Amino acid sequence: MIETLLPSNIAVQTSRAGTDNRVEVMAEEESAVAGAVDSRRREFSVGRACARSALSKLGFPPCAIPSRPDRAPLWPAGIVGSITHCAGFCAAAVALQQDYVALGIDAEVDEELPSGVLELISVDEERKWLANAPRRLNWGRLLFSAKESIFKAWFPLTREWLGFEDAVVTFIPDGTFVARLPNTLMPTHNCAWELRGRFSIANGLILTAVFIAGQGWRRSLAFSGQRRSRLMEHSMVSRDKVMDLLNEWRSPISAR
């Protein structure tokens, strides 16, 4: 599963979550799901349980993983991590910050994107490539998943929001992908940032992962403390619109 996309020193825990999966959240986590519907509370609690199990593999005791104001998990000091869930599946991956500066994972049901979503998550270059790609894969859903992993790795590292149009993804037949970030505000020595990731499609799931290792990235990212907000409002509106469409489309599937 998703652990095959990651190095062995990244700890992973997965769960084939069903409708009867119910795990209590810790008190410090409660505010993130206060008033949430049962399905959201269930996926949140199973995700946190997976995260605690993954942390235990690195020697950490059980601890609360509250949500930041931007809804990202607030990991223990010295940890980078990522949580993902889709219908019937949940996973968490964590690593020591001394080994990896960023980590992002995503899982999606292996189905076509709803009508109209591809235009919201892609740029012309990607759509031209997808139009000529082999028909055996749900490339649009894979593209969405890859960009989700990219975002989950990029934002905690830089505090810079990315819109779907701010990452241009190229898929490689060996199960990897490359993402150019031409619009980032981060200093780049006059060249676009590139991130690399891995993907797998099996057992009805599309899985993607991005991880960034090495202290060199920390030095490259030593920029001024000025707030990087130019893209934030636009990106959040774009992402929220896409997620609303996907959640609306998933609803009858989740009820099966």
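**Terms and values**

Modeller: In the lining of the second largest pocket, the largest share, three residues, comes from α4. The model is predicted, with local features needing pLDDT of at least 70 and side-chain atom pairs counting only at pLDDT 80 or more, while totals for chains, interfaces and linings use all residues. Residues are numbered from 1 along each chain as its sequence is written, and side-chain values use heavy atoms, with hydrogens and water left out.

Colleague: What makes the lining of the second largest pocket nonpolar, polar or charged by class?

Modeller: Ala, Val, Leu, Ile, Met, Phe, Trp, Tyr, Cys and Pro count as nonpolar, Asp, Glu, Lys and Arg as charged, and the others, Gly among them, as polar; by class, the lining has nine nonpolar, three polar and three charged residues. Among the residues nearest the pocket's centre are E112 and W139.

Colleague: Why is strand β4 called mostly covered?

Modeller: Buried means under 20% relative accessible area, exposed over 50% and partly exposed in between, with a 1.4 Å probe and protein chains only. Ten of the ten residues of β4 (100–109) are buried, so the strand is described as mostly covered.

Colleague: How do you know that β4 and β8 pair?

Modeller: Two strands pair if DSSP finds at least two bridges between them; β4 and β8 (residues 205–213) have nine, in the antiparallel sense, and therefore count as paired. One of the bridges joins V109 to L205 in β8.

How values were computed
Helices (H or I, at least four residues) and strands (E, at least two) are DSSP runs, numbered from the N terminus. On a 1 Å grid over the protein atoms alone, a cavity is a set of points where a 1.4 Å probe fits but cannot get out, and a pocket is an open set with protein on both sides within 12 Å along at least five of seven lines; lining residues have an atom within 4 Å of a point.
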